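Hi everyone, thanks for having me. Could you bring the structure up on the screen, so that we can walk through it together?

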Amino acid sequence: MKQYKTVLILSILMLLFAPSIYAQHTEKVQSLSLEEIWKVAEMNNRQLKLYDLNHQQSTIEILEAKDRLLPELSVGADLKLNSKFLIYDNGLFSSPQDVAVKGYGYGVGYNLNFNLYNGGKDKRSIVMKKEEETRKQYELDLQKHSVKYDVAIAYFDLYKFLHFYDFLNAETEAEKKQLRLIESLHKNGTVLKSDVLRISVKLSQLELSLSDVKKKIEIAKQRLNILMGRKNDAELTIQPEDIIELNAITDGDYNDYVDIAFNKSPEYKIAISDIKWSELNVKQMKATILPKVSLYSNYNYNYPQISFYPYSNDLWGFGQTGIKVQYSIDNLYKSKHTIARTQVVSSQAKEKAEMKKDEIYLQVREVYLQQQQALESVETAEHNIIKTTETVRVIRSSYLNQESLLTDLLEAENALLEAKFNLTTAQTNVKVTHIRLLAIIGIL
């Protein structure tokens, strides 16, 4: 009786905790949407982390450039041993006069240098570093679009292969039932043995295709995991039953997309940033032929006093404060070719910007037309499914009535399966081309 009660209690507990255990398991394999995968990739993708570090580095370089505006200030001290202080007042080969000085000495003091003017090079260097930081931000934005587009390709590949697997699996089960039917017809002498063999061959091909699709599913999952910065073998599921909403893709005008691209595209912004930086660099090189003005100050305590006559074994202090002007005459002819080179680089940057502009025109046109073609393919595939479904129904009925051949039925079934593949492929192509178009114009 006690054993019975124990078993009853355990059974009740298992029933109570079973739903929670199942819930925990389902949480581990919770399916992810494309938006959720994008968010994970933006936080953990290794390429994005590297570009973000480059952006952080450029931000610190701006602070470094600002630090150069601060005055140079140094303090120093020394301790030395002095040799004999000999004065050859009658020539080098005469007997020298030995001046009594201490055998050791020391000194302590400071030195200050503050740049007042150097052609604006220091301040312009800050502006150039800020432009570099802006360019790094554009590069980071461009890489984000690239990663999101790569994620979309892998996601819709997985979406497509999961649907292919469902189609093939359903077709396999249907062919197994059809094989049993034809085998029974063959036993009754209604159909030939060759029909049974043809169905068996088709089943083998379907099973091989299933195996191939399984491998492609695993590859797509691994690619998504890598893009999300996860382990290669991390568990991943998406929602294969989600319907791709093609209605969300509006028929935007080509010129509208181009206008957005020239305002938002990171690639075009990078080209414009290169022009700005090159123009600043030309000014920076021209500044080398301008004078440099600085404020300086120094003061030192020394012992003993052996710098001025009469000498003394006493502590002494001396300092200077003033303005120093320096002009490098050699830069007038040395910087000539350097300035010419930077001007050529600036012209190159302008030409590259025009080339990038033409490239954007072409890219937007190409992807825009690909999207339109994909939409037409969806419509065609939908009509083909309707037609091939009816064709399969008619031929199957006529085959069972001995009015058509099995080869005709198999061809019709293959055509229907291919039409399903084409529809899913066309639907994913519409989404992928639309996402690529958004990435090109810079609003993904």
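Let's begin with a charge and a ring: Lys148 lies over the face of Trp38, 4.6 Å from the ring centre. Before I go further, please keep in mind that this is a predicted model. There is another arrangement of this kind to look up, where the charged end of Lys357 sits over the ring of Phe262, at 5.5 Å from its centre.

How many aromatic pairs does the structure hold? The count is 13 aromatic pairs. Take Phe85 and Tyr311: their pair is tilted, with 4.7 Å centre to centre and 40° between the planes. Phe85 belongs to strand E2 (residues 85-87), while Tyr311 is in the loop between strand E5 (292-303) and strand E6 (316-326), so this pair ties together parts that are 226 residues apart in sequence. Are these two buried or exposed? Phe85 counts as buried because its relative accessible area is 19%, and the cut-off for buried is under 20%. Tyr311 has 27% relative accessibility, so Tyr311 counts as partly exposed.

Compare that with Tyr155 and Phe156, an edge-to-face pair with 5.3 Å centre to centre and 90° between the planes. Both Tyr155 and Phe156 are buried. Ring pairs also link Phe161, Phe164, Phe167 and Phe421 into a cluster.

Let's zoom in on Ile37. Setting aside residues up to four places away in sequence, Ile37 touches Leu32, Val151, Tyr155, Leu224, Met228 and Ile238.

Ile238 is in the loop between helix H5 (193-227) and helix H6 (254-264). What surrounds Ile238? Beyond neighbours within four places in sequence, its contacts are Ser31, Leu32, Ile37, Tyr155, Leu158, Tyr159 and Leu162.

Note on methods
Residues are numbered from 1 along each chain as its sequence is written. This is a predicted model: local features need pLDDT of at least 70, side-chain atom pairs count only at pLDDT 80 or more; totals for chains, interfaces and linings use all residues. Side-chain values use heavy atoms; hydrogens and water are left out. Helices (H or I, at least four residues) and strands (E, at least two) are DSSP runs, numbered from the N terminus. Contact means heavy atoms within 4.5 Å. Rings of Phe, Tyr and Trp (its six-membered ring) pair if their centres lie within 6.5 Å; planes under 30 degrees apart count as stacked, over 60 as edge-to-face and the rest as tilted. Buried means under 20% relative accessible area, exposed over 50%, partly exposed in between (1.4 Å probe, protein chains only). A charge sits over a ring if NZ of Lys or CZ of Arg is within 6 Å of the ring centre and within 35 degrees of the ring normal.
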